[in-house]
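Welcome to this briefing. Please take a moment to open the sequence and structure, and then follow the topics below.

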Amino acid sequence: MSLSFQDLILTLHKYWGAQGCVILQPYDMEMGAGTFHPATVLRALGPDAWRAAYVQPCRRPTDGRYGENPNRLGHYYQYQVVLKPSPDDLQQLYLGSLIEIGIDPLKHDIRFVEDDWESPTLGAWGLGWEVWCDGMEVTQFTYFQQVGGFECRPVTGELTYGLERLAMYIQGVDNVFDLKFNDAGVSYGDVFLVNERQMSAYNFEVADTDALLDLFRKAAAECERCLDAKLPIPAYEQAIKASHMFNTLQARGVISVAERQAYISRVRDLAKGACEAWIEAKGAAA
Amino acid sequence: MADFLLELLSEEIPARMQAKARNDLSRLFAEFTDEAGLKIGAIDVHSTPRRLVLIAREVADATEASREEVKGPRSSAPLQALDGFLRKTGLSREQLEERDGVYFAVVERKGRPAAAILADTIKRIVADLPWPKSMRWGAGSLRWVRPLHGIVAILGEDIVPVEIDGIASGATTVGHRFHHPGPITIGGAADYIEKLRACHVIVDQDERERIIREGAEAAATAAGLTLLADEGLVVENAGLTEWPVPLLGRFDAEFLDVPREVIVLTMRTNQKYFACSNDEGPLAPAFVCVANIAANDGGEAIVEGNRRVLAARLADARFFWEQDLKVPLEEQAKKLDGIIFHEKLGTVADRVERIAKLARWLVESGVLKADATQVERAARLAKADLVTGMVGEFPELQGVIGGYLAEAQGEPKAIADGIRDQYKPVGQGDDVPTAPVSVAVALADKLDSICAFFGVELKPTGSKDPFALRRAAIGAIEILVRNDLRLNLTEALRGALANCAAQSIDSAIVHRLDRTAVELLEFFAERLKVQQREAGVRHDLIDAVFTLGEEDDLVRALARVKALQGFVETEDGADLLTAYKRAANILKKESWTGPQVMSSPAEQGIPQTGEEDPLVLVEEPILKDAIAEMASGQAGAELPDEKTLIAALDAAEPKASAGVEAEDFIGAMAALASLREPIDDFFDHVTVNDPDAAKRERRLNLLMRFRDAVNRVADFSKIEG
């Protein structure tokens, strides 16, 4: 019997926990990708070794489809693994995790297809692949080269599993809402369909753009205040907040192409500031 | 002598980078061994997603020993000179030879063993191989395209020892990632390829390409379908697999409502699948994917997995397509005023307005015959697809989607085609529109973007052309030439510039209008050279026609250039060019700017009368004519040396002018050809710089007349050779 959605998570936790990762809980803030979690962004900077794995709920307001599209969600889960420095056998470790969740690599076609990763809002980039399983992208595999505009030394290896896709693949389901969430008859739709409908309506129709703009400005200002106070972690949290406001504003369609760039560079500057302060604080502590 | 094997094993190298990496590997290996003086035979290079492989045949055992005698300072020279020489040669004073008061050093180089040179070569290759993007990993500092894991380096049967950032060379590699993940020991170049084949790795990319090409076709044929051949996909899939297995799958036929281009593009770009058709006609609901494994269930699960991925993608595409169908393009077009085309050039709606105006003008001014109303409508709807969901998902299908939507929404075919073809031709070799509405829209699209960007001084510079204006100009040229369109380019460009100015996007455009129009013409002349290069039209001849400054009709200019090329490549032409250059040189050397040569034949006769010519001092035109008439009767008799040339010019000038006027450029060239003998004779028998000042002046004037007559057809000073 194939793994339920929650057993998929538990299996990965067990696997990566055995590899020396700290198993963290989701960060309690809205973010667009698991990478934004401080356990990835901030820990990728500086010389210290670090291994962590966690589930992160991701909010992408523009991807919401009122629960009508079988493959697109405005809120979904990523399973994030970071290993620093990236071990020599990272690909093998990763493939081991696929076998663990029930994918037989002699039956399925697993491929590493070039896909370089870049996050303009984090000033971060890396090289790697999207991992295909029978033509489906199941994981983003990246060796971080820069974060917040700073070189990563040593390099962090990052694995981002798209949990819903992976579960759909394992369970042989064509509609995300049909996924079995557990083995007691609860489906993904039972848990999240209403959320998708309501959040889509909010993000596309209801969200007060003036209020969002205001929140964006306030978060940006708060971030700067934290930077002045040499508090990189709260500063970074405010940068994440600003980033999410920007994403929601985009879903409301109130940001023109020309303005878009300005917002992105504003968020990037905030994130960079937090990264810089983090490195400085580390240096001072050492 | 022995064969050398090098394998660099890494994590997956992007498919698109492998061909260049193979070439670079071969080039650097040849370069570095040559520098070291190591003789090698043929080099073979191969690649798989995980390996770069080089096999060099017949590598010499060592470099040859050499002995070289170096001359040093005189023995009487100051001590510093000797010290310097000793430092340079690394010898001591006792080792020098002294002959005739001069020191000599004998530098002997022993032959270096091949293994040492190969070890250096490997290090330099890993350091220097130019990847488009490279990275670091772990805690190391080495850079490679992806983490490098192993080096197999074997000369004959011996390992070439080398260590790079903790990676030591050896004889061990791995096979296929899943079929044979364990270590394999390689004996050398001789057994490498076959040992790997036994472990499910086909090392040679050409062989994998062949398997994919033939296997994909066979899979389609077996299903009664025809494969849509795609060599780019063959190469890409060969770069993604070590053990390629083409598999055919099917998708739900209901997706075939979605435009064909969308289905093919989704399969190709997102999934790397080949598409299939029924008897080379309509698209078939099938695909061929290339797996990297001989699956233990025969590929059933792989095909099923891929089918589901494709179905999800096509469902997404169909959702957008159905949404887009519901909104008339006319409605969509209204949203274009919310999209900035460029911060200095207003919105896309502004651009549409300019293109529509220009496209209509092309019809109304008679440049091309088309229904002006249809042309304008096509232009006004052309950019509407930019706000559709479909183009949002597949930006490369802009235009194509608009064309499909227009047709589905009941627009006439000419308009739908005009929308579809507006961006054509994209680069050389692409289809050039020929249907009148398509031509009008496509041409206006290109002229507008070129003029708009030039108008705000965003011109291509050096290798930078961020708005692809060069490509646009070549596209415009191809449309004009292919359709034989007689367009006064200056007028069109000024019109397009005026359109920008009228939108008062940038008031400075108006002030720069004159200058910009000239720059634009030069830009087009430059692009014409590039565009015609492949057709073998010489760039210097294009210059020769354009520098006259009167030519701005590209079709006519090209006819003139081609006639000119036909002429200068004949013996007559080459000879005339020589004479022209000689005349021009003399005039230049003498700084002769002489009296203006006049255009009517009667007036042209005047300088013939030379020093005795009373006209030199006559200013009054009426008198001039009268005296000239008197003089011309005796001119020939008095001037035997110049007579033939004068007569030839008298005959040729009007013919050449008439030829140019009537666009009979071959006729104009023939008129020039008639000057060849007379000018040669003139140079053979006449000394231009005669001591007699009057004769000299007369002859210089005649040379000037000859030069100017030739220049009326083309500026021969621009012609090379």
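Two strands pair if DSSP finds at least two bridges between them. Helices (H or I, at least four residues) and strands (E, at least two) are themselves DSSP runs, numbered from the N terminus. By that rule, β15(B) and β16(B) pair in the antiparallel sense over three bridges. This is a predicted model, in which local features need pLDDT of at least 70 and side-chain atom pairs count only at pLDDT 80 or more, while totals for chains, interfaces and linings use all residues. Residues are numbered from 1 along each chain as its sequence is written, and chains are lettered from A and ligands numbered from 1 in the order in which they are written.

**Confidence**

- The model scores ipTM 0.94 and pTM 0.76.
- The average pLDDT of chain B (the predictor's confidence in each residue, from 0 to 100) is 88, and 93% of the residues score at least 70.
- In chain B, residues 596-616 stay under 50 in pLDDT, and residues 629-638 are also below 50.
- Where pLDDT is low, the predicted coordinates should not be read in detail.

- β13 (residues 226-227) and β15 (residues 274-277) of chain B pair in the antiparallel sense over two bridges, with B:Thr226 opposite B:Ser277.

**Where chain B meets chain A**

- Contact here means that the C-beta atoms of two residues, placed from the backbone, lie within 7 Å; 34 residues of chain B are in contact with 32 residues of chain A.
- β16 (283-291) and α8 (300-326) of chain B are the elements that give two or more residues to this side of chain B.
- The largest share, 10 residues, comes from α8(B).

**The nonpolar core**

- A nonpolar core is a set of buried Ala, Val, Leu, Ile, Met, Phe, Trp, Tyr and Cys residues joined through C-beta atoms within 7 Å.
- A residue is buried if 20 or more other C-beta atoms lie within 10 Å of its own, exposed if 12 or fewer, and partly exposed in between, with C-beta atoms placed from the backbone.
- The largest such core has 275 residues, and B:Phe287, B:Val288, B:Ala440 and B:Leu672 have the most contacts inside it.
- Helix α15 (residues 436-455) of chain B gives the most to this core, with 13 residues.
- Beyond its neighbours within four places in sequence, B:Leu672 has contacts that include B:Phe567, B:Ala652 and B:Val713.

**Helix α4 of chain B**

- Within α4 (residues 189-198) of chain B, B:Ala189, B:Tyr192, B:Ile193 and B:Leu196 are buried.
- Those four residues are on the same side of α4(B) because they cover an arc of only 80 degrees around the axis, the arc being that of the directions from the helix axis to the C-beta atoms.
- The face of α4(B) turned away from the buried side carries the exposed B:Glu194 and B:Ala198.
- β1 (2-10), β3 (51-59) and β7 (148-155) of chain B are among what covers the buried residues of α4(B).

**Strand β10 of chain B**

- β10 (residues 167-170) of chain B pairs with β7(B) in the parallel sense over two bridges, where B:Val152 stands opposite B:Gly170.
- Two bridges also join β10(B) to β9 (residues 163-164) of chain B, running antiparallel.
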